Amino acid sequence: MGDAPSSDREGVGQRPTAGVDSTWRSTPEIPGVHRPPSSTGRGWYARRGKRALDLCLGACVLLLASPLVVVVGGLVRVFLGHPVIFRQRRPGLRGIPFTLLKFRTMTDALDSGGRLLPDARRLTPFGRLLRAASLDELPELWNVVRGDMSLVGPRPLLMQYLPRYTPEQSRRHDVRPGLTGWAQINGRNVLTWEEKFTLDVWYVDHLSCWLDVKIVVLTPWKLLLREGISAPGQATMAEFQGSETGTTGPPQDAS
């Protein structure tokens, strides 16, 4: 359930990265992300069970959804052309970057100066339909299987947001980002950024198997209701500029 401005040309990707857990100890500090406390004091589900559930359930859903993935990919190729998959670096667990995979939903239309048009003008009716049904998120199941993401967690936003977070907001990176999350079933893109981050941190502090099950069960219902797909007057949401300024940037794609 997307909610992060993409800001870059869709289809321009980077080399995928390996799972983040094994590299954390040797990874330098990332601006805007504070090293979380050790997980040894957390429950078994947070330390082991959640990842096991992601791997088993994510692989099963990916297998069952593979015919739909093929169909949607074919339609993207027909209506939007090549490339079919949009790749972008996003911050994962502890802010370590990974390559997010999605179906592209926008054209690469340029203005007279050779610059990309605003996201709202590049988002096609077909792309809007994919987003409304969250079908553009299907390739992220591979991110879940790889260990880049979880089925449930704060949505992965943009790398440039990392230094803009307050210390409290940066705690959203204490867990893997998710396909859906607590903020997504409680308002999605009609929430302010601050409201989203408050819900994200609340999820981090209350993470449990029961809460994850609740979020997974409620997500399809929210999708059917088509609630919170975009903020008023935006393709999805305006860019987050930081809580201290209280301002937002120009309209951008909230993928």
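This is a predicted model: local features need pLDDT of at least 70, side-chain atom pairs count only at pLDDT 80 or more; totals for chains, interfaces and linings use all residues.

Me: What percentage of the residues count as buried?
Reply: The protein has 255 residues. A residue is buried if its relative accessible area is under 20%. The share that counts as buried is 50%.

Me: Is T124 buried or exposed?
Reply: T124 sits in the loop between helix 2 (119-122) and helix 3 (125-132). Its relative accessibility is 17%. Because the cut-off for buried is under 20%, T124 counts as buried.

Me: Which residue has its backbone nitrogen 2.9 Å from a polar atom of the T124 side chain?
Reply: Beyond four places in sequence, T124 is in contact with L80, T105 and T107. The backbone nitrogen in question, 2.9 Å from a polar atom of the T124 side chain, belongs to G127.

Me: Is D148 buried or exposed?
Reply: D148 lies in the loop that joins helix 4 (140-146) to strand 3 (150-152). Its relative accessibility is 2%. Since buried means under 20%, D148 counts as buried.

Me: With which side chain does the side chain of D148 make a polar contact?
Reply: D148 and T99 are 49 residues apart in sequence, and their C-alpha atoms are 8.2 Å apart in space. The polar contact asked about is between side chains, at 2.9 Å. The partner of D148 in this contact is R146.

Me: How many residues in the lining of the second largest pocket are nonpolar?
Reply: The second largest pocket has a volume of about 490 Å³. Of its 18 lining residues, those closest to the centre are V61, L141, L179, T219 and L223. Helix 1 (44-80), strand 4 (178-180) and helix 6 (209-225) each give two or more residues to this lining. The lining has 3 polar residues and 1 charged residue, and the number of nonpolar residues is 14.

Key: Residues are numbered from 1 along each chain as its sequence is written. Side-chain values use heavy atoms; hydrogens and water are left out. Helices (H or I, at least four residues) and strands (E, at least two) are DSSP runs, numbered from the N terminus. Buried means under 20% relative accessible area, exposed over 50%, partly exposed in between (1.4 Å probe, protein chains only). A polar contact is a pair of N or O atoms within 3.5 Å; within protein, one must be able to donate a hydrogen and the other to accept it, and residues adjacent in sequence count only if both atoms are side-chain atoms. Contact means heavy atoms within 4.5 Å. On a 1 Å grid over the protein atoms alone, a cavity is a set of points where a 1.4 Å probe fits but cannot get out, and a pocket is an open set with protein on both sides within 12 Å along at least five of seven lines; lining residues have an atom within 4 Å of a point. Grid points are joined across faces, edges and corners, and a volume is the space filled by probe spheres set on the points. Ala, Val, Leu, Ile, Met, Phe, Trp, Tyr, Cys and Pro count as nonpolar, Asp, Glu, Lys and Arg as charged, and the others, Gly among them, as polar.
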